[in-house]
Amino acid sequence: MVNPWKTYVKLSAVLMGSHGLTKGCLAFLNYPAQLMFKSTKVLPVMIMGSFIPGLRRKYPFHEYVSAVLLVIGLILFTLSDAQTSPNFSVIGVLMICGALVMDSFLGNLQEAIFTMNPQTTQMEMLFCSTVVGLPFLIPPMLFTGELFKAWTSCSQHPYVYGVLVFEAMATFIGQVSVLSLIAIFGAATTAMITTARKAVTLLLSYMIFTKPLTEQHGTGLLLIAMGITLKIFLDDKSTKRALTSSPSANISKPSGDKELRAEPDSVGEDEERRPLV
C-alpha cells in the first residue's frame, strides 16, 4: 500500500458524509430541489481545488463560464418534466449544502493523492476507502436495527441478492472509471464529465421511451452543448498556443530557464510535502 491508513480514514469520512447528507436531505427536500443543488457540484469542486494543499488549481475564466452553462442547462433539462416544483426547507438546504462541500473535498482529495503519490492505483484507493468505512457504517446499522431488517427482507425476497450483486459490479466499474478520470484529467474536468453524463442519460431515456421533448428541454441541451464546446475549443486553443510558444522560449534562453525553473520546483516540492487536510 502506497499511502498511510490515515489518508484513507479522512477520505472515507468525507465519502460517507457526502453520501449520508445527500440521501438524508430527501427527508426534508423533494427530489427536484435536491437535483437542482446537486447539479451545481462542478462549481464547488473548482473553487475548492484552489485551497487543497498539493493542488492549488487556478482555472481560467472560460472554464467557470463553461461550468455555469453546464449547470444551468442540466437544471433546465432535468426539471422540465418534474411533476412538482422544488420544495425547500432550512434543514434540507443546510444538509444538501453540506453534501456539496463534502463532494468538493472528495474529488480534490482524490486528485491530490494521485498527484502526490503517482504510484497510487485506482484499486487501492477504492478498496481502502471502502474497507475503512465499514467500521463507521456497521455500528449505526446495528443500533437502528436496519441491518437486521435488510437481512430479513433479503431472505424473504431472494432475487434481491442478484440485484445487489449486479449493482455492486456496476458501481465498481463506475467508481474505477471515475477515479481513472480524476487521476488523468483532474477533479474539475471529471465533475464536468459526470454532469454532462447525467444529461446524456436523460436524453437517451427520452429517445428510448419516446417521451415528448419541450422547448425547455431544447434550451437545456443547447446550454449544455455550448458549455462543452466552449471548454473543448478553448482548452485545445490554449494547448496549441503553449506548444508553439515553448520551443522558441527554450531556444532563446536555455540556461536562464533552468535557473528560473529551480526555485518553483523547490516550492512545489515543499507544497507537496504538506498534509492533504
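**Packing of helices α1 and α5**

In this predicted model, helix α1 (residues 5–24) packs against helix α5 (residues 90–116) at an angle of about 150 degrees, and their axes lie 8 Å apart. The two helices are therefore roughly antiparallel, since an angle over 145 degrees falls in that class. The crossing of α1 past α5 is left-handed.

**Residues of the α1–α5 contact**

- On the α1 side, the contact is made by Thr-7, Leu-11, Val-14, Leu-15, Gly-17, Ser-18, Leu-21, Thr-22 and Gly-24.
- On the α5 side, the contributing residues are Met-95, Gly-98, Ala-99, Met-102, Asp-103, Phe-105, Leu-106, Leu-109, Gln-110 and Ile-113.
- Sorted by class, the contact of α1 with α5 comprises 11 nonpolar, 7 polar and 1 charged residues.

- Val-101 is located in helix α5.
- Val-101 has a relative accessibility of 41% and is therefore classed as partly exposed, a category that lies between the limits of 20% and 50%.

**Aromatic pair**

- The structure contains 1 aromatic pair.
- The partners in this pair are Tyr-59 and Tyr-64, whose ring centres are 6.3 Å apart.
- The planes of the Tyr-59 and Tyr-64 rings stand at 90 degrees to each other, and the pair is edge-to-face, because planes over 60 degrees apart are assigned to that class.
- Tyr-59 has a relative accessible area of 17% and so counts as buried, the limit for that class being under 20%.
- Tyr-64, by contrast, is partly exposed, with a relative accessibility of 27%.

**Overall make-up of the chain**

- The secondary structure of the chain consists of 11 helices and 0 strands.
- Along the sequence, these elements follow the pattern α-α-α-α-α-α-α-α-α-α-α.
- The chain has 277 residues, of which 34% are buried.
- Of the contacts in the chain between residues at least 6 apart in sequence, 85% join residues at least 24 apart.

Key:
Residues are numbered from 1 along each chain as its sequence is written. This is a predicted model: local features need pLDDT of at least 70, side-chain atom pairs count only at pLDDT 80 or more; totals for chains, interfaces and linings use all residues. Side-chain values use heavy atoms; hydrogens and water are left out. Axes are lines fitted to C-alpha atoms, for helices over the stretch in contact, and angles run from 0 to 180 degrees between N-to-C directions. Helices (H or I, at least four residues) and strands (E, at least two) are DSSP runs, numbered from the N terminus. Angles under 35 degrees count as roughly parallel, over 145 as roughly antiparallel, 65 to 115 as roughly perpendicular and the rest as oblique. A crossing is left-handed if the near helix is turned anticlockwise from the far one by less than a right angle, and right-handed if clockwise. Contact means heavy atoms within 4.5 Å. Ala, Val, Leu, Ile, Met, Phe, Trp, Tyr, Cys and Pro count as nonpolar, Asp, Glu, Lys and Arg as charged, and the others, Gly among them, as polar. Rings of Phe, Tyr and Trp (its six-membered ring) pair if their centres lie within 6.5 Å; planes under 30 degrees apart count as stacked, over 60 as edge-to-face and the rest as tilted. Buried means under 20% relative accessible area, exposed over 50%, partly exposed in between (1.4 Å probe, protein chains only).
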